[in-house]
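Take a walk through this model, from the contact between its chains down to single residue pairs. The sequence and coordinates come up next.

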Amino acid sequence: MGERKGMEIALAAAEAVALCKPDVIAAYPITPNTHIPEHLSDIVAEGRLDAEFICVESEHSALSACMGASGAGARAFTATSSQGLLYMAEVMPIASSMRLPIVMALGNRSLSGPLSIWNDHSDIMSQRDTGWISLFAANGQEVIDMMIQAFKIAEDRNVMLPINVNLDGFQLTHVVEVMDFPLQEEVDDFLPIYQPYASLHPDHPCSMGALGLPEIYAEATKAREAAMVNSKETILKVWDEWERHFGRRYDPVQSYKIEGAEIAMLTMGSMSDTAEVAIDALRAQGVPIGLLKLMLWRPFPYDELKKAVKGVKSLIVMDRCVSFGGPGGPVASEIRSALYNEPRRPDITNYIFGLGGRDVAVEDFIKMIDKVRFADKKTSKEHYEFYGVRGE
Amino acid sequence: MNTLQGYPVGLIGNFDLYAPKLVDREEYFSPGHRACQGCGEALAVRLMCKALGKDTVIINATGCMEVVSSLYPTTAWKLPWIHVAFPNAAAVGSGVEAGLKALRRKGRIPDRDVKAVAMGGDGGTLDIGIQALSGAMERGHDLLYVCFDNEAYMNTGIQRSSATPFGASTTTAPPGAVSMGNKTWKKNLPEIMVAHNIPYVATACNSYPLDFINKVQKARSIKGPSYIHCLSVCPTGWRSPSETCIKMGRLAVETGVFPLYEVENGKYNMTVSMPETLRPIEDYIKHQGRFRHLSPEQIRIFQDRTNLEYKKLLDKIEHSRSWDEISAE
C-alpha cells in the first residue's frame with residue numbers, strides 16, 4: 001500500500017494528478033486553486049512528470065488548450081476557481097459536447113461581488129448544466145482519490161465526458177492533512193494510458209466540433225444526456241475497483257450513522273467532516289439523526305438518494321449557494337424534485353449558509369438541526385432559510 | 001522575388017504559367033462546401049491547405065469558413081480539423097501543438113512533424129480572439145496562425161470589426177445623416193504580431209495565389225510561431241460583383257490599401273512588386289457598394305491616410321534589418 005504523509009491538500013491534489021501522468025496541463029492563476037498548478041509546474045520542472053505545462057493567458061484559454069490537447073489524443077488537466085470557471089463558461093458545454101475527457105480540479109470559491117476569494121459552491125452551481133461530471137470531496141484523502149478516479153471515469157469509452165473534482169477553497173485547498181498516497185505502480189495498474197476514440201492526426205483525419213442544424217442539435221443533446229446518465233454505471237464500477245485496489249469505499253450518497261435515523265442532514269464538500277462531529281454529539285444525546293454526504297452531484301444519484309432517505313422523516317439539506325429569487329439552494333431544489341413522486345418522502349428543510357467563506361462550526365450544525373427538531377410544523381412555512389446571516 | 005518550392009522566378013520564363021503545376025493537386029478543402037459565390041476566403045483556404053500538405057492539423061475559429069465547411073454530418077475537410085468556439089482558435093491550437101509534441105516525445109504517435117495551423121476571420125482574430133492569439137504567439141508554440149480578413153463580421157451579417165476599413169458601411173456602422181459609416185482606421189494586426197518578436201509575419205491576398213502559397217510554405221517550415229494576414233475578398237459583404245473577387249484583391253494591393261509584404265526575423269520585404277505610382281483608391285472603392293456613400297472629402301482623407309501608411313511601410317522596408325544582421329555588428 002501507498003505512503004502516508006502530511007501535506008497541504010492542494011499540493012496533494014497536484015501529486016495525485018502527477019501520478020496520473022497527464023500529457024498536457026494548462027492553467028491560469030486564481031485563488032484558491034493556484035497551489036495545484038503551481039505544484040504541478042514544480043513537478044514538471046523537477047523532471048518527475050513528462051508533460052507540457054502551458055502558462056496560458058486566461059482560463060478561457062486554459063480550457064481551450066486542454067480541449068485542443070485532448071482532441072489530439074493527450075491526457076489533459078486544468079484547475080480553476082470562481083470567476084475563472086465563469087471565464088471558461090463559454091467552452092464548458094463545448095468540452096462535454098465534443099466528449100473530451102478533460103479533468104479539472106475546482107477549488108470552490110464564491111462568485112464576485114462583492115469580491116470574495118473564499119469558499120462556497122456558487123461557482124460550480126453556475127456551471128451545473130454544462131454536461132460535466134461533478135464529484136465533491138470532503139477531505140484531503142477524497143481529493144487524492146477522486147483526482148485519480150476522475151481520469152479513469154472520464155476516459156472510459158462508455159463515458160467520454162469531462163469531469164470536475166470539487167474541493168472547497170481554503171477549507172480544503174489550504175489545509176494540511178495526513179493522507180495515503182498511492183504508489184506510482186499502483187496508479188499505473190489502476191489507470192491505463194489514455195486511448196482516444198478519435199484524435200487529430202493526419203493518419204486518420206477527422207472533423208471535430210461540427211455545426212448542428214435544428215435537425216440534429218436535439219439528438220446530439222439527447223445523446224449527451226444519455227452519456228451522462230449512463231456514466232453512473234461506470235462511476236460505480238470505478239469506485240468498486242478503487243475499493244479493491246486501495247481499500248477505500250466511495251458511494252454517490254455516503255451515509256454516516258444513518259441506521260434508525262428519523263432526521264438526516266445532507267451535506268456536500270468539506271462541511272461533511274464537520275457535520276459528522278455534530279452528528280456524533282447529537283447521537284450521544286440519543287437523537288436519532290444521521291448524515292448523508294453527496295459525493296456525486298452530476299450525474300445526480302436519484303436511486304441512491306431515494307434508498308438513503310428510506311425511513312427518514314425529516315431531511316435537512318445544506319446549501320452553500322443560493323438561486324436568487326428561486327427555490328432556495330440548488331441542492332435542496334434538486335432533492336425536493338428527486339423525492340417529489342415518492343409515496344413516503346421526508347419533510348425537507350433547506351439552510352443556506354457558509355457563503356463567501358463564512359465559517360460553520362459544529363455548534364452551528366447543532367443549532368440548525370435543533371431548530372428543525374423543535375419547529376412547530378403548523379407555523380413553520382419557510383421554504384428555505386439563511387443561517388448565521390445578519391439583517392432581515 | 002516570387003519563389004515556389006525553391007524555384008527562383010528568373011530561371012524559368014513564363015513562370016506564372018508553369019507554377020500552378022507545382023501546386024499540390026490534392027484537394028484538402030474539398031468542393032461542396034457552402035461558401036458564397038465568388039468567396040475569396042474559401043479560395044484562400046483551399047490554397048493554404050495545398051501549401052500545407054497532409055501533415056497538418058487545422059484549428060478553426062467560429063466564422064464563415066467553419067460554418068460553410070462542417071455542417072453535420074458532412075465535412076469539407078480532408079485534414080484533421082477541430083473547431084471549438086469563436087475567440088479561442090489560437091488557444092486550442094496551443095493545446096493541439098502541445099498535445100502532439102508530448103505524444104510524439106512519448107512515442108504514442110508517429111515520429112514526424114505535424115504542423116498545427118489555426119485560422120480565423122478578422123473578428124475572431126483582431127477582436128474577440130486577440131488575447132488568445134497574443135498568448136499563443138508570445139509562448140512560442142510551433143503554430144501558424146492565418147487570419148482570413150474579409151473586413152467585417154460577415155458570418156453574422158456584415159457587422160463592423162476592428163479590421164473594417166475607413167469609411168466602409170456595415171450593418172453596425174451604417175452611414176446616415178450624421179454618420180459616415182466606419183470612422184476608424186483598420187487595426188494593424190501584422191504590426192502587433194511583429195511586436196511579439198515572432199520569426200515570421202506576412203500579409204497575403206487570395207488574388208495572389210503563388211505569393212500566398214510561398215508564404216504559407218515558408219511559415220510552415222519555421223519552428224515556432226508565425227502569422228499570416230490574408231485579405232480575403234467578400235463580395236457579399238463588400239457589395240461587389242462576385243466575379244470581381246480576384247480583381248478586388250488585385251486593386252487592394254495596387255492602390256496600396258493592402259500591400260503584400262513579409263517580416264522575416266525582423267526584416268521587412270515587399271513580396272509583390274508595387275507600381276512606381278500607386279493607383280488612386282477610387283479605382284478600388286468605386287466597385288464596392290460599401291464605399292458608395294463616401295463624399296469626395298472623405299475619399300481624400302482615405303487616400304491621404306493610405307499614402308501615409310504605405311510610406312510608413314516603405315520606410316520599414318528600407319531601414320529594417322534582420323536580427324542576425326543587427327546582432328552581428
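What follows moves from the chain interface to the domains of chain A, and then to a sheet in chain B.

This is a predicted model, in which local features need pLDDT of at least 70 and side-chain atom pairs count only at pLDDT 80 or more, while totals for chains, interfaces and linings use all residues. Residues are numbered from 1 along each chain as its sequence is written, and chains are lettered from A and ligands numbered from 1 in the order in which they are written.

Start where the chains meet. On chain A, 40 residues are in contact with 42 residues of chain B. Contact here means that the C-beta atoms of two residues, placed from the backbone, lie within 7 Å. Four elements of chain A give two or more residues to this side: β2 (24-27), β3 (52-55), α3 (59-71) and β9 (207-208). Helices (H or I, at least four residues) and strands (E, at least two) are DSSP runs, numbered from the N terminus. The most comes from α3(A), with 9 residues. By class, this side of chain A holds 23 nonpolar, 11 polar and 6 charged residues. Ala, Val, Leu, Ile, Met, Phe, Trp, Tyr, Cys and Pro count as nonpolar, Asp, Glu, Lys and Arg as charged, and the others, Gly among them, as polar.

Strand pairing also crosses between the chains. β9(A) runs parallel to β4 (residues 81-83) of chain B, joined by 2 bridges. Pairing requires that DSSP finds at least two bridges between two strands. Here M208(A) stands opposite I82(B).

Now look within chain A. Its domain assignment, automatic or from a database, gives domain 1 (3-246) and domain 2 (253-386). Their centres, taken over C-alpha atoms, are 28 Å apart. Between them, 27 residues of domain 1 are in contact with 20 residues of domain 2. On the domain 1 side, α6 (122-126), β6 (133-136), β7 (163-168) and α9 (214-246) each supply at least two residues. α9(A) gives the most, with 5 residues. This side of domain 1 has 12 nonpolar, 11 polar and 4 charged residues.

Finish in chain B. β9 (residues 200-205) and β11 (residues 261-264) of chain B pair in the antiparallel sense over 3 bridges. V201(B) has V263(B) as its bridge partner. β11(B) is also antiparallel to β12 (residues 267-270) of chain B, over 4 bridges. There V263(B) stands opposite Y268(B). The hairpin of β11(B) and β12(B) has 2 residues between the strands, and N265(B) takes a positive phi near 45°.
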